[in-house]
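Please look over the sequence and the model shown here before reading on.

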Amino acid sequence: MIKVIVSVLLLALLCCGIGYQQLQAALSMPLNVTNSTLFKVDRGTGFNQLCQQWQSKQWLDSCFKFQVLAKLDPTLTDLKAGLYELDSTSVIDNIRRINQGAQVSFSFTIIEGQPLREVITNIAKQTHLKQDLDEENLAKQISNKDENLEGWLFPDTYHYHSEDTASSVLKRAYSKMQTELDNAWQNRAHDLILNSPYEALILASIIEKETGLASERPLISAVFTNRLKSNMRLQTDPTVIYGIGADFDGDIKRKDLTTYTPYNTYKIKGLPPTPIAMPSRAALLAAVNPPESEYVYFVAKGDGSHQFSKTLKEHNRAVQQYQLNK
């Protein structure tokens, strides 16, 4: 009888040892994918269903050992829906990634100086992003206001997960611009000629489009501020181009400068009715803190920089030098 008991105990110990070895092997067993692979976990997917999906793809040979591990560690069964990047690390490591909700992240960038139409065109091309924009009621959808959305989306890179919506990304950009504009306005110059944060947003968008060099933003702001103070027209080409819209062919013609649109600052006085692009933080700060300067003119040198002038005579001489090459 004792021999039988000993034999049973030895057999049990042997089985436990083999089982332990099998479980240890399962813990380190790699997922059989050759490259990083995107895999979608649908809402409501259970642990056994996930394991069977992977087995059907021949990413693992058996589910049994992993089902045993899940019995020993129930946290493994807490699967979060989403799109995940699987790799050839262990099966358990990949499952843990899903337990933690560590979804693959995508990004969308709004570039400084982009007009709204380009932002909308680009976000429509984003992969793994639900396209839910209502272009006819876009401002209401993003800002909950009946306002022009131009200028209101802060230039930055926004990360998102699969199944996020385009509107949720733009709402984040809108919220960030509200914060940035408020911060800039709170730190504005005490004698600023602008009357509201929205006017600052408009001017910042013009500064953004006029500057090839970030270092010139303050001086560009000073020129426009001096013009506003002197009741001079801004006469800035980017506003003319914006007024032409999609019909602009890349070349400003004389008739474009003399044709009235609400954005033709050669024809209207003061600021245009809305921003013309998405301004950066630096452009916002330049708009509300123009340096003291007597400059009222500038002309492009052709290398991205500008020649600034205090008088029309100086300006005409600069135009001859840099634009007419005389």
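**Terms and confidence**

Helices are DSSP runs of H or I with at least four residues, numbered from the N terminus. The model described here is predicted.

The average pLDDT of the protein is 89, and 91% of the residues score at least 70. Among the elements of the protein, helix H7 (residues 166-186) has the highest mean pLDDT, 98, whereas helix H1 (residues 2-28) has the lowest, 50. Over residues 6-20 the pLDDT falls below 50, and this stretch has zero contacts in the model beyond near neighbours in sequence.

**Helix H4 and the residue Gly101**

Helix H4 spans residues 91-99 and is mostly covered, with seven of its nine residues buried. These buried residues are Val91, Ile92, Asn94, Ile95, Arg97, Ile98 and Asn99. Gly101 follows H4 and has a positive phi, near 70 degrees.

**Positive phi outside glycine**

Gln58 is not a glycine, yet its phi is positive, at about 65 degrees. Gln58 lies in the loop between helix H2 (47-56) and helix H3 (64-72). Because its relative accessibility is 62%, Gln58 counts as exposed.

His128 is another residue other than glycine with a positive phi, in this case near 60 degrees. The loop that holds His128 runs between helix H5 (116-123) and H6. With a relative accessibility of 36%, His128 counts as partly exposed.

Ser143 belongs to helix H6 (residues 138-143). Its relative accessibility is 7%, so Ser143 counts as buried, the cut-off for this class being under 20%.

Leaving aside residues up to four places away in sequence, Ser143 touches Leu149 and Tyr174. Ser143 and Ser175 are 32 residues apart along the chain, and their C-alpha atoms are separated by 8.4 Å.

**Crossing of helices H8 and H9**

Two packed helices are described by the angle and the distance between their axes. The axes of helix H8 (residues 197-210) and helix H9 (residues 217-229) come within 10 Å and cross at roughly 125 degrees. H8 is therefore oblique to H9. The crossing of the two helices is right-handed.

On the H8 side, the residues that meet H9 are Leu203, Ile206, Ile207, Glu208 and Glu210. Their counterparts in H9 are Arg217, Ile220, Ser221, Phe224 and Thr225. By class, this contact of H8 with H9 has five nonpolar, two polar and three charged residues.

Terms used. Residues are numbered from 1 along each chain as its sequence is written. This is a predicted model: local features need pLDDT of at least 70, side-chain atom pairs count only at pLDDT 80 or more; totals for chains, interfaces and linings use all residues. Side-chain values use heavy atoms; hydrogens and water are left out. Axes are lines fitted to C-alpha atoms, for helices over the stretch in contact, and angles run from 0 to 180 degrees between N-to-C directions. Angles under 35 degrees count as roughly parallel, over 145 as roughly antiparallel, 65 to 115 as roughly perpendicular and the rest as oblique. A crossing is left-handed if the near helix is turned anticlockwise from the far one by less than a right angle, and right-handed if clockwise. Contact means heavy atoms within 4.5 Å. Ala, Val, Leu, Ile, Met, Phe, Trp, Tyr, Cys and Pro count as nonpolar, Asp, Glu, Lys and Arg as charged, and the others, Gly among them, as polar. Buried means under 20% relative accessible area, exposed over 50%, partly exposed in between (1.4 Å probe, protein chains only). pLDDT is the predictor's confidence in each residue, from 0 to 100.
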